[in-house]
Amino acid sequence: MKPTITTILILFLGLISISAQNSISGKIIDEQNNPLPFANIILLEIGENKTPKGVVSNDKGEFKFENVTSGKYKIEISMLGFKTQNIKEFTLKSNKTLNITLIEESQLLNEVVVKSKRPVIKQTAEKLIVDLEKSEMTNTNLQDVMRKIPGVLVTNNGISIAGNRGVRILINGKTTEYMDVETLLRDFPADNISKIEVVEQPGAEYEASGSGAIINIILKKNVRLGTHGSTNVWVGEDQGFEYGAGFSIASYKNKLNWQASTNFSEPTWREDLFLDRTVGSETYDQETIEPYNPTNFRIGGSIDYYINDKHSFGIGGRISTRTSDRVTSSKTIISDATTTNTLFSENRFDRERKNFNINPYYEYKTDKDKLVIDFNYVDFVNDNTNILADVAGSTINYNDRKYIQDGKYTIKTYKADYSKTISDNFKLSAGTRYANVKTDNDLQSFTHNTNNIFEFDEEESSQFLIKENIFALYSKINATSGKWSFSGGLRYENSNTDGTSIFMENGTEKIAIKKRPIKKVFPSASLSREITEVISASLSYSYRIQRPSYNSLNSFATYLDPFSAGVGNPNLTPAYTNNYQFNLTYEGQPFFTIGYSKTDDVIFDLIKQDNTTAQIRQQEVNVENNANWNFRLFAPLSFAKGLEGYTGVIVTNTDYQSSTFGVDLNKWNLIWFVQASYQLPWDINFELSGNYGTGALEGQIDVDWLAGLDFSFGKKFLDDKLKVNLGFNKMLNRGFVGKIDYGNGIAAVESNDSRQNIQLRLVYSFGSKFGKKKSGRNTNRDEENRIRDTN
């Protein structure tokens, strides 16, 4: 068959298209003919509304743009310490080679950088992005930074977003290395943070597990060529004198880069619990004072080797420990119409935790393709001993008890992520992940015998083993057309969890095995449109799973005092949530949001009272139905010179319904918040964070009004090398006050954390100030997030 004119024309146009793919390469040197690594080369196409392309020169000063279509271009070459050079308009018809010499600036440090006191905030359909790179802040830790994010409330009870406290904190896309939020907020230095992403509708690239928003902290990496670092120290007064110190150093030179850091802290605080309840004709007035002064230590580091401008690999590792030895004091007054008795008790806790992690990776990156292969190994040990005993003055006898709980966790995860940029308006992503988890929790129970010696009680001792494998695949597209933007993805997860209980029953060893296989597809999508030049709207959806934490599956009972205990539940099943959200933004800033979520078999802290034994038991169970609405309205604060910040109101409705457990809870609440900074005389920065809430449901507890107030003063010295911050936290003496409906009685409850915390922090930065940014990477440590323990 002879070729037609149409066929010939198509072949001819194809040859033209192929031949139009050119390259631009070259070398950047200084006046002494030395290569200049990490220079920025920007390629701009003239006459087209396209995003400029950029590359960074390698350690030999070489650069290359590939797959460049024929056309008219201009190039800009810049590097800190050298004059910017512009290559005027030229026509590209074939491959082009350029050799460029940059001239050193005579005044290296005279450039003017305009910075804002407030971070740059941008709301998209998927996430709220807080860019700290262009903000001139005197904040010294993560807690200060979190208070700058609209709608994120930092209170005594942790972090909440739209009334939801199920917030996961990630660092560079992986779970935090701290086991409690309080330590993370206090110890993590703000200087290391580049951006914070608040992801309320996680896309397919994120693990599907979780019930609330994700806060992803993106760290600065390779931001300065040379060797530099910082040291920090802080002292404070909470429930006693507290202090901490840290040191970090990094070297970014040519191909081999390394970082190292260490941190030590001894914070103090306490949790007080007051409970007034009725059991039959008796009144139980319980008071528990629980001080806490853990010792935290962490050391970590990483090495990155850049083979060339496309290939790199590296390895990171860390060791962290936390130990604490504390005594919780309890007093229970039991009274009826004629008699009053008192039981004094102490619970002596001894906690020791060790966490070892190692994480190698490989990365391939070009203008259009990126591949990251990642392996992560975690070995976590959690050993606990506590002795519950009565003390002198009690009029009620109590048989002393001792518990030794040893926990071991081994987590291995393998992950590969690939993304391809087809054009400025279209991007594809795909990836896979495999996790293998093994846990071994052993409980040994002892009771005082007639000789006042602790004797092993095999009937109340047990061992709980978990083996879990999770395999995941995901794909995602991002597309833009005119004023419309779309993002959509699918994530498939296949998990198998086997729980094995080993215990004694009537002198015979029993073994119970519970298997839980899950195969699910988790979709996510978002659609946004520019309505006017300043107003945009977006609609997003995500489907997620909340797996029980590994500790909650243990059937162990943990006693706070003789009448209160927490009990594990090996029968817990995952919860599934459908999330919907609508956003309106003004000039890219958060303005108005409506959110709705519906959860089946939500994991719920059920508190029950046994009127026969007078004991309270708290246990996580699956409540059939849970629905949440939230409405948010934000506004910037800028009505006075030197004032920056946000204020807003958040209205939420929470509903729990369960015929199985007799749960019927529904409540509306309103929270007003303000987050502001103001420039005082002598360049002193004043920051304030406050909130007031009409009340809320915290699980089964119906909480009365809440309020919080924190403020700080900050100033820089020694050419901005030294930052000093004096913070006053938790200044309102309002506790967590509410009531609990047990179903067979109502209890008044008050939970007070420590009050009026004062901290002085100093951060000193040293070393080279020269250099350019290089790309970072994400690794994965998702399963660590489920090792949950608040002690």
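**View 1. Strands β42 and β43 run antiparallel and are joined by 7 bridges.** Strand β42 covers residues 706–717, and β43 covers residues 722–729. This is a predicted model, in which local features need pLDDT of at least 70 and side-chain atom pairs count only at pLDDT 80 or more, while totals for chains, interfaces and linings use all residues. Residues are numbered from 1 along each chain as its sequence is written, and side-chain values use heavy atoms, with hydrogens and water left out. Strands are DSSP runs of E with at least two residues, numbered from the N terminus; two strands pair if DSSP finds at least two bridges between them. Ser712 has Gly727 of β43 as its bridge partner. The hairpin has 4 residues between the strands, and Leu718 takes a positive phi near 55° there.

**View 2. Strand β43 also pairs with strand β46.** The pairing with β46 (residues 757–767) is antiparallel, over 8 bridges. Asn729 has Asn757 of β46 as its bridge partner. In β43, 7 of the 8 residues are buried, that is, under 20% relative accessible area with a 1.4 Å probe, protein chains only.

**View 3. Thr647 lies in strand β37, residues 643–658.** Thr647 counts as buried because its relative accessibility is 17%. Leaving aside residues up to four places away in sequence, Thr647 touches (heavy atoms within 4.5 Å) several residues, among them Leu633, Trp672 and Val674. A polar atom of the Thr647 side chain lies 2.8 Å from the backbone oxygen of Phe673. Ala635, 12 residues away in sequence, is 5.5 Å from Thr647, C-alpha to C-alpha.

Definitions and conventions. Buried means under 20% relative accessible area, exposed over 50%, partly exposed in between (1.4 Å probe, protein chains only). A polar contact is a pair of N or O atoms within 3.5 Å; within protein, one must be able to donate a hydrogen and the other to accept it, and residues adjacent in sequence count only if both atoms are side-chain atoms.
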